[in-house]
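Colleague: I would like to learn how to read this model with you. Could we begin with the sheet?

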Amino acid sequence: MSGRTTAATPPPGAAPPARHPEAPAPGEIIGSHYEYCFGCGGGVAHGLHLQTRAGEGVSVTAEFQVKEAHQGAPGLAHGGVLATALDETLGGLGWLLRVIAVTGRLETDFVRPVPVGAVLHLEAEVVAVAGRKIFCTATGRIGAPDGPVAVRADALFIEVKIDHFIENGRKQEIQAVLADPDQVKVARAFEVNP
Ligand SMILES: CCCCCCCCCCCCCCCC(=O)SCCNC(=O)CCNC(=O)[C@H](O)C(C)(C)COP(=O)(O)OP(=O)(O)OC[C@H]1O[C@@H](n2cnc3c(N)ncnc32)[C@H](O)[C@@H]1OP(=O)(O)O
């Protein structure tokens, strides 16, 4: 049974996604957008440490090794952690469109349990774009890129400007980020979006 709604389905007239001319080349690793991101940051001890790679078209891949700190049931990954892995992989698609986008809706199917120690091979792609709305999908397979499907998601991401973070984030982290030239470079990379 699938619990899909229509919210993550592109409306009639939505455009096919266009890979930005300055998108990272297929196979190129997309760096972490923030050191303390639970999904991709190197500064979070029990984080997912996802390393996302640009794919063909408007797609990305990533791998997530499930660690002891990611358990829900004994020896199995927590569903929320798996949803985070899908969310983070989907978040990498913004680099190929060259926009900053946040998750509006994430509809997840948990198809089979994922044991601790397993590597989840994730792939995500943009299906369509309608104004600020980015319709995308992701799949996570156990053990290999063609392994059995464990999780999948349909999602709606919404394009935002940097002000979204500056206005809503806690002051101390925002100030630290704005004082870090490398982090500002990441943010600015998205601002120029013809
Ligand atoms: C200094 C800083 C450096 C930063 C350096 C770079 C940082 C790069 C960070 C990337 C990070 C990625 C990490 C992984 C991805 C996350 O996990 S992101 C975190 C989780 N998501 C969030 O926190 C988002 C919270 N939600 C919001 O802030 C607001 O609801 C949103 C999503 C921005 C939308 O608000 P809004 O801009 O006011 O837009 P709104 O007019 O309400 O909606 C626009 C359209 O989307 C539709 N829509 C909105 N939400 C929904 C929904 N839930 N369901 C269905 N439709 C929806 C609306 O119906 C509307 O449709 P139309 O009427 O245009 O057809």
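Modeller: Gladly. Two strands pair if DSSP finds at least two bridges between them. Helices (H or I, at least four residues) and strands (E, at least two) are DSSP runs, numbered from the N terminus. This is a predicted model, where local features need pLDDT of at least 70 and side-chain atom pairs count only at pLDDT 80 or more, while totals for chains, interfaces and linings use all residues. Residues are numbered from 1 along each chain as its sequence is written.

Colleague: What is the order of the strands in the open sheet?

Modeller: In general, strands of a sheet pair through backbone hydrogen bonds, either parallel or antiparallel. Here seven strands form an open sheet in the order β1-β2-β3-β5-β6-β7-β4, and the pairing is antiparallel. β1 (29-30) and β4 are the edge strands with a single partner each, so one side of each has no neighbour in the sheet.

Colleague: How many bridges join β4 to β7?

Modeller: There are 10 bridges between these antiparallel strands, and Leu 106 stands opposite Ala 155 in β7. β6 and β7 form a hairpin with six residues between them, and Gly 143 in the turn has a positive phi of about 85 degrees.

Colleague: Which residues touch the most other members of the largest nonpolar core?

Modeller: A nonpolar core is a set of buried Ala, Val, Leu, Ile, Met, Phe, Trp, Tyr and Cys residues joined through C-beta atoms within 7 Å. A residue is buried if 20 or more other C-beta atoms lie within 10 Å of its own, exposed if 12 or fewer, and partly exposed in between. The largest core has 40 residues, of which Ala 85, Leu 93 and Cys 136 touch the most other members. Its largest share, six residues, comes from β7. Cys 136 has contacts with residues including Leu 90, Leu 93, Ala 155 and Phe 157.

Colleague: Is Val 111 buried or partly exposed?

Modeller: Val 111 is partly exposed, because 15 other C-beta atoms lie within 10 Å. Val 111 sits in the loop between β4 and β5, and touches Val 149, Ala 150, Val 151 and Arg 152, not counting residues up to four places away in sequence. Val 111 and Val 149 are 38 residues apart in sequence, yet 6.8 Å apart in space, C-alpha to C-alpha.

Colleague: And how many residues surround the ligand?

Modeller: A residue is near a molecule if its C-beta atom, placed from the backbone, lies within 6 Å of it. The shell has 24 residues, the closest being Gly 91, Val 102, Gly 104, Ile 158 and Phe 165. β4 gives the largest share, five residues. By class there are 14 nonpolar, five polar and five charged residues, where Ala, Val, Leu, Ile, Met, Phe, Trp, Tyr, Cys and Pro count as nonpolar, Asp, Glu, Lys and Arg as charged, and the others, Gly among them, as polar.

Terms used:
Contact = placed C-beta atoms within 7 Å.
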